[in-house]
Amino acid sequence: MLLYEFKLAFKSLRKNPILSSLMIGAIALGIGVCMITVTMFYLMSGDPIPHKSDRLFAVQIDSWSKERPYTGSTNEMPFQLTWPDSTALMNRAPDFPQTAMFKSSMIIEQLQQGSELRREIVRITGRDFFSMFDLEFIYGTSWTEEMEQQAQQVVVLSETVNNELFNGQDSVGESIRVDDREYRVVGVVKDWNPVPNFYDLNNGSIEDPEAMYLPISLSEPLAMTTAGNTNCWKPSTGSGPQAVYQSECVWTQYWVELKNADEVAEYRNFLEGYYAEQQQLGRFERPQKVAVSNVREWLNINQVVENDNRVLVGLAFMFLSVCVFNTVGLMLTKFLGRSKETSIRRALGATRMTILRQHLVEVSSIGFVGGILGLFLTWAGLSVIKFATDIPEQLLHLDLQLMALALILALLATLAAGLYPSWHIGRISPARYLRT
Amino acid sequence: MLAMNNISKVFRTDLVETHALRDFNLQVNEGEFVSVTGPSGSGKTTFLNIAGLLDDFSHGQYVLDGEDVSGLNDNERSRIRNEKIGFIFQSFNLIPDLNIRDNVEVPLRYRGLSANDRRQRIEKALSIVGLASRAKHLPAQLSGGQQQRVAIARALAGEPRLLLADEPTGNLDSMMARQIMELLESIHSNGTTIIMVTHDAELSRRATRNVHIMDGQVSEINLHEQMQANVAQA
């Protein structure tokens, strides 16, 4: 019987293509708009490193002015640390994998004559960075502690840069010039660009992948400058890049990997001790406040999924509701247009439930086709967004879960739209239209 | 086969109350061919709709094939319509988007018959009405008489015990009307009970019994005269 009902649904859709197209179009448009916003929301609110997001912790220390709290974050603590605090933590904190880091912008060139100069975003970080965040090495490894101590100028390249500079060959041992200094390649990692880029949210949650990684141990001696945000509550003394290193400005991110609650407690104790020490030294003037936040907590503190996004999703669903209401009217028109046929079927033995089911099958078919078309619109919409912005490819990825959600949403929306018209047509008295 | 006792049907609007049938009593025995006549608005079609379980009645008792149908729910009424009753309408009431074969198949689908059963019944019914070769045609591609024969085939395919015909020749010319009437007589001769509403006195006389309805009541059952007329004709 179900096959028969699908056959009738197909006939019905073909019989009035304009009305059918309007219904399918309305559903597809609603689904498309919904899915574009849901996709963005889903990706922004997703866990960027699900297998260890509960073990990676961002460190915050309230080094701000005693006059007023830091107002830029939800927990009234700066998102970043000062350079003195970062170096103190790297030197003195309990022996867990951890690193300070910051983003810089540098000019890169190959050593060969005539090589093209290019400015790239570079991450200055510690050697633990690669294992903590699970970057995958294609060639070589991270730099070693010994290299850091010897201030060796070494670099880990991203796959893209390695492809461009060395045609994708193993470049370990080769040298490149970065900001007019020669660096030796010790490793090549696959491009790493989590969305959202939780480890450094200072310039937004979506950024292009970084071109290479340099040891943070070189940053102060070589006076590397940050290309990220720098926030200060009092002016730096002195001038030039070195002044920033000595200042109370916050501009470095700090992450630590802690395996369990005991390690978290131990690290927090250390931070509290460090805070108390700095208070005694007269440096920190605010009530003691430190925080270690795992990735989920960190995304919340940074309001990566902003209320605006939630409102947008709400508006998209309201738009879908409008489409559904329009579809109710169209379906009612379509179904009432065949009242006589329904009366005939009722006279010939169809029950109200049979008529209801027949129409719900048709409604589901509209929903299915609308859902498929909606997915296409979603893809097209995301492509337009990609074209118009610099949002990376990952955001355009519609995974199976989202596709299934789109189809289920389309079916539910059309069933909601079709329930009343189907029920209404099923209530028609069998005798009503038989004489006309 | 059919017994209506004191059946009343009242149509109500906010302002008007119309008694389509009042204290309507009628008994039809199995195998009868009953013609129902009466002026327009007398209640013929209302009677036929109630007889065919297409419409409810306000008061009274209706027993069909030994079963009191007064309190049946929609599913049970639909089942009885599907299994026991065949309908033939003045305006044929074929589904325009379905071909002849599929039109005849509709009641069989709702009975849940197997594909093989359906095929056999459709072929047989279309053969009886002489339209087996037109199975793939759409209703619009047939003449009025042919469409009415399809409607009869659709009614016959379900092998009903009661055939209800509402002005079956009303939209046909005299030659077509005669063919349809002969078909109905043939069906009746095979034992099917037929109740036919008609305005045509000549067709009415060809039934085994005539019921005249006036103002929603059976005003006259001239069975005796009818039988005499039939004998005289023979």
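## A look around a two-chain model

Val305(A) has 20 C-beta neighbours inside 10 Å, so it counts as buried. Keep in mind that this is a predicted model. Where does Val305(A) lie? You'll find Val305(A) in the loop between α9 (295-301) and α10 (307-336) of chain A. If you skip its neighbours within four places in sequence, Val305(A) is in contact with Phe41(A), Met44(A) and Ser45(A). Now try Leu356(A): that residue is 51 places away from Val305(A) along the chain, and their C-alpha atoms are separated by 42 Å.

Zooming out, the domain assignment of chain A gives domain 1 (2-48 + 307-426) and domain 2 (63-288). The C-alpha centres of these domains of chain A lie 48 Å apart.

Next up is the place where the chains meet. Here, 19 residues of chain B are in contact with 18 residues of chain A. On the chain B side, the elements that give two or more residues are α1 (44-51), α2 (74-84) and α3 (100-111) of chain B. The residues on that side of chain B divide up like this:

| Kind of residue on the side of chain B that touches chain A | Count |
|---|---|
| nonpolar | 7 residues |
| polar | 6 residues |

Among the buried ones are Ile100(B), Asp102(B), Val106(B), Leu108(B) and Tyr110(B). And what covers them? From chain A, the cover includes α1 (2-15), α11 (339-347) and α12 (352-388). From chain B, it includes α2, α4 (115-128) and α5 (144-157). After α3(B) comes Gly112(B), whose phi is positive, near 75°.

Chain B also has strands to look at. Four of them make an open sheet in the order β2-β1-β4-β5 (chain B), with antiparallel pairing. Which strands sit at the edges? They are β2 (17-28) and β5 (67-68) of chain B, each of which pairs on one side only. As a bit of background, strands of a sheet pair through backbone hydrogen bonds, either parallel or antiparallel. Strand β1 (residues 2-12) and strand β4 (residues 59-64) of chain B pair in the antiparallel sense over 5 bridges. To see this pairing on screen, look for Met4(B), which stands opposite Tyr62(B) in β4(B).

How values were computed
Residues numbered from 1 in each chain as written. Chains lettered and ligands numbered in written order. Predicted model: local features only at pLDDT ≥ 70, side-chain atom pairs only at ≥ 80, totals over all residues. Contact = placed C-beta atoms within 7 Å. Helix = DSSP H or I, 4+ residues; strand = E, 2+ residues; numbered from the N terminus. Nonpolar A, V, L, I, M, F, W, Y, C, P; charged D, E, K, R; others polar. Pairing = 2+ DSSP bridges. Buried ≥ 20, exposed ≤ 12 C-beta atoms within 10 Å, placed from the backbone. Domains from an automatic or database assignment.
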